[in-house]
Amino acid sequence: MNNTKEKFFGAVLAGGQSRRLGRPKALVPVDGVPLGLWSVRALEGAGLSAGIVSADEAIGKVLGVPSRADLRPGLGPLGGLWTALEWARERGDDGVFLLACDMPFITKEVVRLVLDQPGVASAVVPFGPDGMEPLCALYRLPCVEAVEKRVSSGDLSLHGVLGVLDASLVDRILLSGVVDPKICFSNVNTVADVVRAEEILSTFTEKEL
């Protein structure tokens, strides 16, 4: 990592209802592996301890990592980030790598790339084909203040939070050195997405995963 004195916690967000898949999204099998476990493996493979932000304790048990419910339900991903940052603070960590449970193409190499960016920006965020990717990003503890202000204001946009932080962006040129930026931030929301994900994952090498 860029600063060996810093220690970060890996938090997987698994709070969605996943109505289109008919079961908790994090537990939907993708290539024989629960979807959320792809995220856990990416974080742990990059050397981080990982946990799940979810009100469903069963998800953490299945994935083999601790779980924690949102500090305040109903706030979406912003509430998940808030919870993860407070969890990291309790652990004595310097921040959190936040990763959605439905992004199976994020590899440990992507996580390491973000972690290894120089500087001490409040947040380090990859810049993908569709713009900033706040659900695959590093957030240091000072972000808590901006998150809490957004919660109080009712503006729950993660992009809005990034707009007031001194965020550092990881561009696609750097990403292309470790993964295909066109697919790595794709998520799984439907049965068709599961099929497509399995087709893509079959082309990955063991080293990439």
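**Notes on the predicted chain**

1. Charges to begin with: the 21 positive and 26 negative charges of the chain have mean positions 2 Å apart. Lys and Arg count as positive, Asp and Glu as negative, with His and the chain ends not counted; each charge is placed at NZ of Lys, CZ of Arg, CG of Asp or CD of Glu.

2. A word on the source: this is a predicted model, so local features need pLDDT of at least 70 and side-chain atom pairs pLDDT 80 or more, while totals for chains, interfaces and linings use all residues. Residues are numbered from 1 along each chain, and side-chain values use heavy atoms, leaving out hydrogens and water.

3. On overall build, the chain holds eight helices and 10 strands (DSSP runs, H or I of at least four residues for helices, E of at least two for strands, numbered from the N terminus). Its C-alpha trace spans about 40 × 35 × 30 Å along the principal axes. Of the 209 residues, 52% are buried (under 20% relative accessible area, 1.4 Å probe, protein chains only).

4. Strand β1 (residues 8-13) is worth a look: six of its six residues are buried, so the rest of the structure largely encloses it. Phe8, Gly10 and Val12 point one way, Phe9, Ala11 and Leu13 the other.

5. As for neighbours, β1 runs parallel to β6 (residues 95-100), joined by six bridges, with Val12 partnered by Leu99. Five bridges join β1 to β4 (residues 49-53), also parallel; here Leu13 has Val53 as its partner. Pairing requires at least two DSSP bridges between the strands.

Methods: Buried means under 20% relative accessible area, exposed over 50%, partly exposed in between (1.4 Å probe, protein chains only).
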